[in-house]
Amino acid sequence: MITLLGLALSVAAIGTEAPYAVLLPCVVFAGLGIGLVFTPLFACATAGVIPQHAGAAAGAVIAAQNIGVGIGTAVYSGLNGPPWWAVLCLFLLAGLTAGWTKRTGTSDSLVPSGG
């Protein structure tokens, strides 16, 4: 939520053509939220992986993240909408992700069951 709030404030500042002094705290706030997310994200991605494959799992997370950014940028630029659409799409995706995570439960399915 910190990231989304920071991005929403950034989009509002850009939309009103505010000076950089107003935009800077918004971007710093968004960056703080992103920084708070990455450590637990990589910890969860590598939690059920044997140590020899932890680097590959982290690489897969980074690759999926970059693919998502590329697809999101292409879709958003293809829609050619106003800047607040980006924030609305982020809230929608965050809600969908939270709902999917809640529905699937814990990350125990990542742990191999074989002996």
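Helices (H or I, at least four residues) and strands (E, at least two) are DSSP runs, numbered from the N terminus. By that definition, the protein has four helices and zero strands, and its pattern along the sequence is α-α-α-α.

This is a predicted model, in which local features need pLDDT of at least 70 and side-chain atom pairs count only at pLDDT 80 or more, while totals for chains, interfaces and linings use all residues. Residues are numbered from 1 along each chain as its sequence is written, and side-chain values use heavy atoms, with hydrogens and water left out.

**The protein as a whole**

Of the 115 residues in the protein, 13% are buried; buried means under 20% relative accessible area, exposed over 50%, and partly exposed in between (1.4 Å probe, protein chains only). The accessible surface comes to about 8300 Å², and 75% of this belongs to carbon and sulfur atoms. Such areas come from the Shrake-Rupley method with a 1.4 Å probe; for residues, only the protein chains shown count as cover. A contact means heavy atoms within 4.5 Å. Among contacts with a separation of 6 or more, 49% join residues 24 or more positions apart.

Helix α2 covers residues 20-45, which is 26 residues, and spans 36 Å from its first C-alpha to its last. This is close to the 38 Å expected at 1.5 Å a residue, where the expected span is 1.5 Å times one less than the number of residues. Leu23, Cys26, Ala30 and Gly33 are buried in α2, and their cover includes α1 (2-15).

Leu9 lies in α1. The C-alpha atoms of Leu9 and Pro25 are 9.1 Å apart, although 16 residues separate them along the chain.

Two residues can be set side by side by accessibility.

| Residue | Relative accessibility | Class |
|---|---|---|
| Leu9 | 40% | partly exposed |
| Trp84 | 51% | exposed |

The elements giving two or more residues to the patch are α3 (54-79) and α4 (84-104), and α3 provides the largest share, four residues.
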